[in-house]
Amino acid sequence: MRIGIIGGGIGGLTAAVALQSDGHTVTVYERRADAGAVGTGLTLFGNAFAALDAIELGDLVREVSSTAVGRLRSGQRQPSGRWLVALPPSDAPGVRSLHRSDLHQALVTRLAPGTLRLGEAARVSEDGAPIVTVNRNEEQFDLVVAADGIRGEARARWGLDPGLRYAGYTASRGVTSSTGHLSDEAGETWGRGARFGIVPLPDDRVYWFATRNISPGGTDTDPAESLRRHFGSWHAPILELIDATPPQHILRHDIYDLASFPSTFVRGRGVLLGDAAHAMTPDLGQGAGQAIEDAATLVLLLRDAAVHDLDRILEEYDRLRRARTHGLWRQSRLTGRIAQAASPLAVRIRDAGLRAAPSRLMADAMARLQQWEMPQVPASTSRRFWSRLDRRDWTDFVLERGTMPVSVRVRGHGPGVILIPGGMQTAADFDRLATYLAATFTTIVIDRRGRGSSSDIAPAEGIDAEAEDVVAVAKAMNAHHLFGLSSGALIALRAAQLDPNIVRALALYEPPLATPGHQDEFDWTDDVAQLLESGDNTAALTRMIEVIGDHWAVRLAPHALLNLTARIALRWGRGAGREPLARLLPTFRQDARIVREGRDLLTHLSTVRTRTLLISGDRAAESLTAALTHLENKLPHARRVELDGVGHLSAANGGSPRRIASTLERFFTDS
């Protein structure tokens with residue numbers, strides 16, 4: 001197709017690069033004569049990288065970004081420096097920071113020469129016809145994408161503009177000209193009607209922003225001095241960061257969002273993308289991420305489509321993107337109101353609420369915002385990418401082992417790879433990982449005992465029983481490669497011990513193996529198992545929250561609040577396959593038993609002769625890295641890899657399964 005894109009910002013360029021890579025003829029019109037991006041720093045969360053990975057641009061952006069912000073203590077502080085909510089590095093979401101100009105340049109260099117037309121103001125047709133007028137000349141396309149920002153005119157010409165709303169505050173932004181200003185802390189500081197944010201950049205400089213409740217339209221004769229007067233008494237290194245930034249490089253912008261949410265993003269053969277569609281306040285840090293999601297969704301829906309499919313595709317794009325962005329637009333506005341609270345009473349209530357909130361729950365809430373669902377496409381599509389990612393392309397089987405059935409989810413073609421989920425997970429939790437691997441392998445995801453159609457958990461059966469299930473599936477499916485996550489990794493290791501001949505390659509992701517010096521660090525699993533045994537599921541889940549969120553904010557939170565959180569989760573929470581959390585939670589008794597019995601694996605490591613890959617994220621707990629170090633030293637054919645910016649559950653749908661799949665694909669292909 002011939003596609004015209006108005007606007008050379010992040011959303012427009014992301015769409016252009018991916019569409020051009022897919023074979024479309026693309027033209028990008030940018031009003032400014034300069035190809036460089038205007039702005040300072042930028043943060044992108046896991047949802048943005050899931051979308052970028054889906055259109056094969058994730059690695060490009062990783063090359064110009066850094067995980068430094070995720071490796072620092074972060075959260076919210078008071079101007080005195082006292083933490084309201086502190087997220088240790090291991091709890092921080094998968095966020096990366098970068099210079100906006102670096103991202104812009106990386107995308108521009110991927111475009112074919114002549115694609116980006118600078119200094120050209122393009123005007124869309126009012127009736128939504130795919131026509132662009134430039135310098136009084138009309139240019140015809142099959143589709144026009146308006147990515148011209150919050151103040152772009154396309155939205156108004158299509159009759160979709162609800163107007164703008166001033167958010168009540170202005171933002172100053174800058175990047176230090178020097179390095180070495182941070183120790184091990186980042187995040188935001190919330191005062192009365194003012195905030196200050198700190199983000200490390202890849203070159204060790206610091207991107208910062210400062211907000212103030214103030215009337216719109218103002219200017220600062222000396223922006224640095226104005227900021228010093230307002231923030232000079234706040235905790236270090238705030239004043240130091242202001243002083244380290246040349247005043248002429250400090251940008252000031254009044255913050256606006258759309259006055260109301262558009263009723264549609266589509267007009268005829270024209271479609272809105274990014275801020276042009278759903279401009280929101282920056283309070284959730286999702287502006288660029290949502291533009292990238294828009295671009296990826298449109299690109300994927302257009303793959304292998306014909307012009308006569310456009311009406312259906314644009315309708316689906318509108319449905320998916322309005323549903324996703326409307327809630328974020330609303331929540332970002334609400335977050336800004338809370339963060340910019342100015343009255344003493346409102347600030348006291350806000351700060352008390354933040355201090356009482358468990359840090360782990362805060363991190364989980366943010367993680368839920370950062371989950372992007374890839375659009376469905378017809379299974380018959382011929383492109384290579386969709387043969388890997390069509391989530392409907394699987395078959396569920398039940399292997400009968402006497403009275404012990406084992407249910408598995410199978411997809412793909414090639415050598416067999418068995419994937420073994422961790423605690424309280426089902427086969428559905430590995431759907432994305434399995435589909436990424438399915439272009440090269442037959443992926444077989446096991447529903448462990450007590451899940452899916454597999455047998456119930458018997459009181460006398462522990463790790464050996466589940467390992468025997470794995471061996472039986474391996475023999476039945478002629479599969480010789482195993483991957484296990486967490487307690488699933490212990491099961492995979494035990495299966496390799498039980499039948500060394502069937503397992504030819506073994507990949508273990510952060511197994512909870514109690515090694516010397518760390519024997520007591522997994523005892524909490526037995527505490528939870530005992531509570532589950534007694535039938536007190538609420539107390540068991542409360543105990544899990546206390547341990548997983550092992551931080552002063554959780555310890556200070558009233559037990560009644562944690563208990564209430566557990567009750568709500570048990571009533572409404574669901575797993576990846578829509579199983580109620582109340583049904584999955586009791587299976588944790590088996591995981592506790594597997595962790596306990598897993599200690600015996602240490603005495604039989606010499607029987608594992610297969611090639612083994614030991615995988616961890618750079619935010620892994622010390623006890624988990626100790627386990628991998630021990631295995632690396634004891635297993636004769638083991639090697640280790642540490643992935644930056646990933647956590648304990650990164651192989652699951654809500655993590656970074658594309659990166660895990662790439663690592664596994666290289667390892668299993670070489671086996």
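Tutor: The largest cavity holds about 50 Å³ of space. A cavity is a set of points, on a 1 Å grid over the protein atoms alone, where a 1.4 Å probe fits but cannot get out; its volume is the space filled by probe spheres set on those points, which are joined across faces, edges and corners. This is a predicted model, in which local features need pLDDT of at least 70 and side-chain atom pairs count only at pLDDT 80 or more, while totals for chains, interfaces and linings use all residues. Residues are numbered from 1 along each chain as its sequence is written, and side-chain values use heavy atoms, with hydrogens and water left out.

A search of the whole structure finds one cavity of 30 Å³ or more. Its lining, meaning residues with an atom within 4 Å of a point, consists of V406, I446, D447, R448, R449, S454, E466, D469, V470 and I491. Two elements give two or more residues to this lining, β22 (442–447) and α15 (463–477). Of these, α15 gives the most, with three residues. Helices (H or I, at least four residues) and strands (E, at least two) are DSSP runs numbered from the N terminus.

Next come the nonpolar cores. Such a core is a set of buried Ala, Val, Leu, Ile, Met, Phe, Trp, Tyr and Cys residues joined through side-chain atoms within 4.5 Å. Buried means under 20% relative accessible area, exposed over 50%, and partly exposed in between, with a 1.4 Å probe and protein chains only. The largest core has 76 residues, and I5, L44 and L302 have the most contacts inside it. Helix α9 (residues 287–302) supplies the largest share, nine residues. A second, separate core of 40 residues includes I420, I594, L628 and L635.

D294 counts as buried because its relative accessibility is 0%. Its side chain joins that of H278 in a polar contact of 2.6 Å, a polar contact being a pair of N or O atoms within 3.5 Å, one able to donate a hydrogen and the other to accept it. Contact in general means heavy atoms within 4.5 Å. Setting aside neighbours within four places in sequence, D294 is in contact with L273, G274, H278, Y317, R321 and T325.

N47 in helix α2 (residues 46–54) is likewise buried, because its relative accessibility is 0%. The side chains of N47 and E293 make a polar contact of 2.7 Å.

R136, in the loop between β9 (131–134) and β10 (137–140), has a positive phi near 70 degrees without being a glycine. R136 counts as exposed because its relative accessibility is 82%. D304 lies in the loop between α9 and α10 (310–339), and its phi is positive as well, about 65 degrees. D304 is partly exposed, with a relative accessible area of 43%.

Technical notes: On a 1 Å grid over the protein atoms alone, a cavity is a set of points where a 1.4 Å probe fits but cannot get out, and a pocket is an open set with protein on both sides within 12 Å along at least five of seven lines; lining residues have an atom within 4 Å of a point.
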